[in-house]
Amino acid sequence: MLLGWSTAVQARRALTIARTPGATPGQVVTALCTAQLLPAVPGVAAGAPAGLGLYWLFGTQITPPGSWLLTAALVILLAVGALTALPAWAHTRGPAGRALHAEPA
C-alpha cells in the first residue's frame, strides 16, 4: 500500500513519539511489525480456507498440497513483516527532531 504525504508524516511522527521516552529503534520496529501482523494472521487463517472453497467451487476438486498452502501463508506473513520493518527501520536511523518538526499536510 502506498502512503500519501500526510499519512507518511503521521506515521513518522508516531514512530518518533514512541522513540522520545527512550524506546530503542529495534523496539519501535518490533512494535510496529507486531501491530501490522496482528490483523494479518487472522486474515491469512480465514483467507486460506476461503480461497480453497473458491478453488473447489470454480476450479477442480483437486486440493493443492498442504506444504504449498503453508508456504504461501508464511510468505505472505514474511512479506507483511518486511514491508513494515524496512521503512520503519529506515526512519528510526534519522534524528527524531526532524520528524517532530515536520508539518502534517
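## Basis

The model is predicted: local features need pLDDT of at least 70, side-chain atom pairs count only at pLDDT 80 or more, and totals for chains, interfaces and linings use all residues. Residues are numbered from 1 along each chain as its sequence is written, and side-chain values use heavy atoms, without hydrogens or water.

## Helix α2

Helix α2 covers residues 25-58. Helices here are DSSP runs (H or I, at least four residues), numbered from the N terminus. α2 has 34 residues and reaches 47 Å from its first C-alpha to its last. That is close to the 50 Å expected at 1.5 Å a residue; the expected span is 1.5 Å times one less than the number of residues.

α2 bends by about 30° at Leu 37. The bend is the angle between axes fitted to the seven residues ending at a residue and the seven starting there. A proline, Pro 39, follows within four residues. Buried residues of α2 include Val 44 and Leu 52. Buried means under 20% relative accessible area, exposed over 50%, and partly exposed in between (1.4 Å probe, protein chains only).

## Helix α3

Helix α3 covers residues 66-92. Its 27 residues should span 39 Å at 1.5 Å a residue, and its end C-alpha atoms are 39 Å apart, which agrees. Among the buried residues of α3 are Ala 73, Gly 81 and His 91.

The C-alpha atoms of Ala 90 and Pro 25 are separated by 9.6 Å, at 65 residues apart along the chain.

## Nonpolar core

The largest nonpolar core has 6 residues: Leu 15, Val 28, Val 29, Cys 33, Ala 85 and Ala 88. The largest share, 3 residues, comes from α2. Such a core is a set of buried Ala, Val, Leu, Ile, Met, Phe, Trp, Tyr and Cys residues joined through side-chain atoms within 4.5 Å.

## Surface patch

Leu 54, Leu 57 and Phe 58 form a nonpolar surface patch, with about 380 Å² of accessible area together. Phe 58 belongs to α2. Phe 58 counts as exposed because its relative accessibility is 68%.

Technical notes
Patches are made of residues with over 30% relative accessible area and no salt bridge: like charges are joined within 9 Å, nonpolar side chains (Val, Leu, Ile, Met, Phe, Trp, Tyr) within 5 Å. Accessible areas come from the Shrake-Rupley method with a 1.4 Å probe; for residues, only the protein chains shown count as cover. A salt bridge is a side-chain nitrogen of Lys or Arg within 4 Å of a carboxyl oxygen of Asp or Glu. Helices (H or I, at least four residues) and strands (E, at least two) are DSSP runs, numbered from the N terminus.
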